[in-house]
Amino acid sequence: MRRVKLDRIDRKILSDLQQDGRMTNVDLAKNAGISAPPCLRRVRALEEAGFIRGYHADLNAEALGYGVTVFAQVGLSSQAEHDLKAFEALTNSWPEVRECHMLAGETDFLLKVVAVDWDAYQRFLTTKLTPAPNVSHVKSALAIRTCKNAPGVPIDLEDELVAAQ
């Protein structure tokens, strides 16, 4: 794995884009203290190097009718690599699963699931998740409210960042 040094300008660009992915290149360049053409070259280089994976709109789940968020802790009967990959592929086919994290410890996977209401989550649980191959148990935790939802990662604008690539 190659290590790449990101200078202050790269970190500022990443920080600004993480906060506002629709920021114009002109504004991005002004904030970074450089002109627009080199700023665009840096953004493209950061994209090509894999530091920027994409640009997304932050949608309001409740406004779109998804009033319930549940974190499902899933245990599998087998942790063989092909069984783990099969479960991951299955979760990718379920649109209600918004995040899937493989964990170390007692729980094999943590899923973030959105649903219109509790009954819709129960249907997902009983028709898709629980009967899925290799699933041995599921523990559901209903989210009451979200007090923080910060996308991305913290970026220190002061200290030089050496990133793995």
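Predicted model: local features only at pLDDT ≥ 70, side-chain atom pairs only at ≥ 80, totals over all residues.
**Entry 1: a tryptophan to start from**

I looked up W118 to begin with, and at 35% relative accessibility W118 counts as partly exposed. My scale calls a residue buried under 20% relative accessible area, exposed over 50% and partly exposed in between, with a 1.4 Å probe and protein chains only. W118 lies in helix 5. Helices here are DSSP runs of H or I with at least four residues, strands are runs of E with at least two, and both are numbered from the N terminus.

Which residues does W118 touch, leaving aside its neighbours within four places in sequence? I found V68, V70 and L142 in contact with W118, where contact means heavy atoms within 4.5 Å. V68 and W118 are 50 residues apart in sequence, yet 6.5 Å apart in space, C-alpha to C-alpha.

**Entry 2: a note on the model**

Residues are numbered from 1 along each chain as its sequence is written, and side-chain values use heavy atoms, with hydrogens and water left out.

**Entry 3: domains**

I then checked how the protein chain is divided, and the assignment gives domain 1 (8-49) and domain 2 (62-143). Such bounds come from an automatic or database domain assignment. How far apart do the C-alpha centres of domain 1 and domain 2 lie? I read 36 Å between the two centres.

I turned to helix 1 and helix 3, which pack at an angle of about 75 degrees with their axes 11 Å apart. That makes helix 1 roughly perpendicular to helix 3. For the record, axes are lines fitted to C-alpha atoms, for helices over the stretch in contact, and angles run from 0 to 180 degrees between N-to-C directions. Angles under 35 degrees count as roughly parallel, over 145 as roughly antiparallel, 65 to 115 as roughly perpendicular and the rest as oblique.

On the helix 1 side I listed I9, D10, I13, L14 and L17, and these meet C39, R42, V43 and L46 in helix 3. Sorted by class, this contact has 7 nonpolar, no polar and 2 charged residues. Ala, Val, Leu, Ile, Met, Phe, Trp, Tyr, Cys and Pro count as nonpolar, Asp, Glu, Lys and Arg as charged, and the others, Gly among them, as polar.

Next came helix 2 (residues 25-32) and helix 3 (residues 36-48), whose axes come within 9 Å and cross at roughly 100 degrees. Helix 2 and helix 3 are therefore roughly perpendicular to each other. N25, L28 and A29 of helix 2 make the contact with A36, C39, L40 and V43 of helix 3. I counted classes here too: 6 nonpolar, 1 polar and no charged residues.

**Entry 4: I13**

I went back to I13, which sits in helix 1 (residues 8-19). Is I13 buried or exposed? At 0% relative accessibility, I13 counts as buried. Apart from neighbours within four places in sequence, I13 is in contact with L28, A32, C39, R42, V43 and L46. A29 is 16 residues from I13 in sequence and 7.9 Å away in space, C-alpha to C-alpha.

**Entry 5: cysteines**

How many disulfides does a search of the whole structure find? I got 0, taking a disulfide as a pair of cysteine sulfur atoms within 2.5 Å. C39 is buried, with a relative accessible area of 0%, whereas C147 is exposed at 80%.

**Entry 6: two valines in strands**

I found V114 in strand 4 (residues 109-115), and V114 is buried with a relative accessible area of 14%. Not counting residues up to four places away in sequence, V114 touches Y66, V68, T69, E96 and R98.

V97 is in strand 3 (residues 97-102) and counts as buried at 10% relative accessibility. Leaving aside neighbours within four places in sequence, V97 is in contact with T91, L111, K112, V113 and F124. The C-alpha atoms of V97 and K128, 31 residues apart along the chain, are separated by 11 Å.

**Entry 7: a backbone angle**

Last, I looked at N134, in the loop between helix 5 (118-129) and strand 5 (135-142). N134 has a positive phi of about 80 degrees although it is not a glycine. Most residues other than glycine have a negative phi.
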